[in-house]
Amino acid sequence: MKPLVVLGVVVAAVSVFALLGRPKVEAPESQSAEQQTKTVMNFDQTSPKRSDKLVLSEDEWKARLTPEQYQILRGKGTERPFCGINLEDKGAGAYHCVGCDLPLFKAGRKFNSGTGWPSYTEPAADDAVWYKKDTGYGMVRTEVLCARCDGHLGHVFDDGPPPTGLRYCINGTVLKFVKDSDSR
Ligand SMILES: [Zn+2]
């Protein structure tokens, strides 16, 4: 009799521990900040294979873009904050790439981050942008690039608002606003 009682107690204890232990495994709260950072850095870092890819020579890019657009889009430059280009809310529509006209960000996903750069919680589509690890200026950041022309747009950070928690910090100089009624 005794060994069976002991076995019963052990089985009951193991069951209780298994039930109590489960929520802890599912919600590792102390790791959330670290995990979000990893999530950003774990974005696929290869240019999406699009059938509408735009590849031009440097001379062709210079002819197509203004010097400011060229410096940011092709030279990975950064505009001054609060320079005002595409910073304010313009109503319903989408922000397209000035290099290739691909819709990059929807107006409904724009928010005021206070940084002085246009900010969005997500791209217009999963295959609209891609990412590269950027270790320039003594920082580790995630660069955001246009998926059609591979132009530099800005960076993405993990301190954005819900629902994604992401902040796409984009140079307004390389965005062109297209109203919903005009976008077809
Ligand atoms: Zn583009």
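Two strands pair if DSSP finds at least two bridges between them. In this predicted model, strand 1 and strand 2 (residues 103-106) meet that condition, pairing in the antiparallel sense over 3 bridges. One of the links joins His-96 to its bridge partner in strand 2, Pro-103. The two strands form a hairpin with 5 residues between them, and within the hairpin Asp-101 takes a positive phi near 70 degrees.

The chain as a whole has 4 helices and 9 strands. Read from the N terminus, the order of elements is α-α-α-α-β-β-β-β-β-β-β-β-β. Of the 184 residues in the chain, 27% are buried. Among contacts between residues at least 6 apart in sequence, 59% join residues at least 24 apart.

The mean pLDDT is 84, and 76% of the residues reach 70 or more. Over residues 13-36, however, the pLDDT is below 50, and beyond near neighbours in sequence this stretch has 2 contacts in the model. Where pLDDT is low, the predicted coordinates should not be read in detail.

Strand 1 pairs with strand 9 in the antiparallel sense over 5 bridges, and Ala-94 has Val-178 as its bridge partner in strand 9.

Another open sheet has 6 strands in the order 3-4-8-7-6-5, again with antiparallel pairing. Strand 3 (110-111) and strand 5 (129-134) stand at the edges with a single partner strand each, so one side of each is left without a neighbour in the sheet.

On one side, strand 4 (residues 119-120) pairs with strand 8 in the antiparallel sense over 2 bridges, and Tyr-120 has Tyr-168 as its bridge partner. Strand 7 (residues 152-157) also pairs with strand 8 in the antiparallel sense, here over 4 bridges, and His-155 stands opposite Cys-169.

Are the faces of strand 8 covered or open? Both are covered: Arg-167 and Cys-169 are buried on one side, and Tyr-168 and Ile-170 are buried on the other. Tyr-168 touches Phe-105, Ser-119, Tyr-120, Pro-123, Val-144, Gly-154 and Val-156, leaving aside residues up to four places away in sequence.

Tyr-168 and Ile-170 also belong to the largest nonpolar core, which has 28 residues; together with Leu-104, Val-129, Cys-146 and Leu-153, they touch the most other members. At least two residues of this core come from each of helix 4, strand 1, strand 2, strand 6 (141-146), strand 7 and strand 8.

The loops remain. Between helix 4 (67-73) and strand 1 (93-97) lies a loop that contains Arg-80. Why does Arg-80 count as exposed? Arg-80 is exposed because it has 10 other C-beta atoms within 10 Å, and a residue with 12 or fewer is classed that way. Arg-80 and Trp-117 are 37 residues apart in sequence but 8.4 Å apart in space, C-alpha to C-alpha.

Some backbone angles in the loops deserve a separate look. Most residues other than glycine have a negative phi, and most peptide bonds are trans. Lys-76, in the loop between helix 4 and strand 1, has a positive phi of about 60 degrees although it is not a glycine. Lys-76 is partly exposed, with 16 other C-beta atoms within 10 Å.

Asp-101 is likewise not a glycine, and its phi is positive, at about 70 degrees. Asp-101 is found in the loop between strand 1 and strand 2 and counts as partly exposed, with 13 C-beta neighbours inside 10 Å.

The peptide bond from Pro-162 to Pro-163 is cis, with omega near 5 degrees. Pro-163 lies in the loop between strand 7 and strand 8.

Methods
Residues numbered from 1 in each chain as written. Predicted model: local features only at pLDDT ≥ 70, side-chain atom pairs only at ≥ 80, totals over all residues. Buried ≥ 20, exposed ≤ 12 C-beta atoms within 10 Å, placed from the backbone. Contact = placed C-beta atoms within 7 Å. pLDDT = per-residue confidence, 0-100. Core = buried A, V, L, I, M, F, W, Y, C linked by C-beta atoms within 7 Å.
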